[in-house]
Amino acid sequence: MRTPAPTATPTAGALRHVLTHLLTPLLMCIGMGLAYLGAFAEPHPHHLPVAVVGSGHRAEAVAGAVAGQAGDKLDVRTVATRAEAEQLLRRQDVFGAYVPDGRAPELLVATAGSDTTAAVVQKVFTPVAAHQHAPLKVTDVVPPSQHDPTGQGIFFLLVALSIGSYASVAVIGGAGAALPLRLRALLAAATSLVVSLVGAALAGPVFHLVDHDLAGVWALGWLYSAGVLLVGTGLHTFLKRWTTLGVMVLFVMLNFTSSGGVFRPEMQNGLFAGLHDLWNGAAFVEGVRGLVYFGSHGLGGHVLTLTAWLAIGVAAIALAWAAERRGIKAQAAAEAEEEMEEAVAV
């Protein structure tokens with residue numbers, strides 16, 4: 001008599017189920033470590049644009065000495081006047097401008113664009129002033145809000161908007177899986193409106209990160225949140241339980257690290273510096289900075305990037321709708337064939 005093959009116990013099945021689902025957080029751990037340490041572990045300048053103010057031999061000599069010592073870390077130019085240097089700073093064409101006055105050398109910076117970059121520029125030019133046996137005076141041409149002294153509040157606003165958006169993707173895709181895609185897409189759009197209003201409230205009346213153009217900050221927040229939610233909702237059709245990992249790769253690991261909120265792209269390696277020009281988080285951070293501090297300089301390009309991500313979200317929804325429709329038709333055809341076989345058998 002043959003002994004029946006042993007069957008898997010309920011405990012073994014449950015253990016396999018848990019181990020399979022543990023793969024997602026472990027991959028998140030690896031991805032977050034690679035992304036954050038890869039982006040932030042060793043910041044140093046790469047072709048960071050700075051200026052030396054003056055048109056004579058002295059300015060040329062200082063610029064040449066700084067460029068020779070810095071190598072490819074800095075791109076050094078000379079500008080004729082202090083006013084021209086301030087204009088370049090307000091356009092973020094340079095991130096520091098050194099005025100080599102013999103008695104009182106001065107460094108112009110714009111910390112609203114990046115406090116960490118301004119600190120690096122100051123570190124570069126302090127020894128230059130020391131060679132002139134004079135203390136370095138630092139003038140902040142574009143200071144951040146008094147309630148956001150480091151200028152990084154905009155980055156943390158991005159974090160809040162992102163978490164509200166990609167966490168909602170999991171809810172809409174999971175709890176709302178039985179709903180038609182058109183209703184899930186409408187829920188995503190409505191949620192993005194709520195998330196952006198929360199962001200505007202945090203930026204304005206709650207923490208006073210911005211004191212003007214709050215409507216514009218809200219609009220940028222809505223464009224950003226809607227793009228994240230629509231992309232994530234569309235991807236859920238294809239990724240299923242891997243959706244959370246997918247949106248975290250897109251909108252946390254690659255997004256926060258390339259946003260310029262902690263270090264500008266000139267302080268990062270080629271991967272994250274390159275992503276800065278393409279990713280929606282960077283478009284939001286730089287768009288808000290430009291709107292609030294830099295006279296809306298470059299705002300159109302950042303709005304275009306956010307709109308492109310919104311269009312990608314709409315395309316993802318369209319592809320998901322087509323895939324789900326094909327699945328519904330295939331299921332209906334299979335059920336019809338099964339019913340016909342049963343009728344013939346009768």
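On a 1 Å grid laid over the protein atoms alone, a pocket is an open set of points with protein on both sides within 12 Å along at least five of seven lines, whereas a cavity is a set of points where a 1.4 Å probe fits but cannot get out, and lining residues are those with an atom within 4 Å of a point. Grid points are joined across faces, edges and corners, and a volume is the space filled by probe spheres set on the points. The structure described here is a predicted model, in which local features need pLDDT of at least 70 and side-chain atom pairs count only at pLDDT 80 or more, while totals for chains, interfaces and linings use all residues. Residues are numbered from 1 along each chain as its sequence is written, and side-chain values use heavy atoms, with hydrogens and water left out.

The second largest pocket holds about 260 Å³ of space, and of the 15 residues that line this pocket, Arg 264, His 276, Asp 277, Glu 286 and His 302 are the closest to its centre. Helix H11 (280-293) and helix H12 (299-345) are the elements that give two or more residues to this lining, helices being DSSP runs of H or I with at least four residues and strands runs of E with at least two, numbered from the N terminus. By class, the lining comprises 4 nonpolar, 7 polar and 4 charged residues, where Ala, Val, Leu, Ile, Met, Phe, Trp, Tyr, Cys and Pro count as nonpolar, Asp, Glu, Lys and Arg as charged, and the others, Gly among them, as polar.

The largest pocket contains about 490 Å³ of space and is lined by 17 residues, of which Gln 69, Lys 123, Val 124, Pro 127 and Val 128 lie nearest its centre. Two or more lining residues come from each of helix H2 (57-70) and helix H4 (115-131), and the largest share, 7 residues, is from H4. This lining divides into 11 nonpolar, 4 polar and 2 charged residues.

A search of the whole structure finds 2 cavities of 30 Å³ or more. The largest cavity, with a volume of about 60 Å³, has a lining that includes Leu 89, Gln 92, Gly 113 and Phe 294, and this lining divides into 6 nonpolar, 4 polar and no charged residues. The second largest cavity has a volume of about 40 Å³, and its lining, among whose members are Gly 113, Asp 115 and Arg 289, has 2 nonpolar, 8 polar and 2 charged residues.

Gln 92, one of the residues lining the largest cavity, is found in the loop between helix H3 (82-90) and strand S3 (97-99), and just after H3 this residue takes a positive phi of about 55°. Gln 92 counts as buried because its relative accessibility is 19%, buried meaning under 20% relative accessible area, exposed over 50% and partly exposed in between (1.4 Å probe, protein chains only). With neighbours within four places in sequence left aside, Gln 92 is in contact with Gly 113, Arg 264, Glu 286 and Phe 294, contact meaning heavy atoms within 4.5 Å.

In H3 itself, the buried residues are Ala 85, Leu 88 and Leu 89. Seen down the axis of H3, these residues fall within an arc of 100°, so they line one face of the helix, the arc being that of the directions from the helix axis to the C-beta atoms. Their cover includes strand S1 (48-53), strand S2 (74-79), S3 and strand S4 (106-109).
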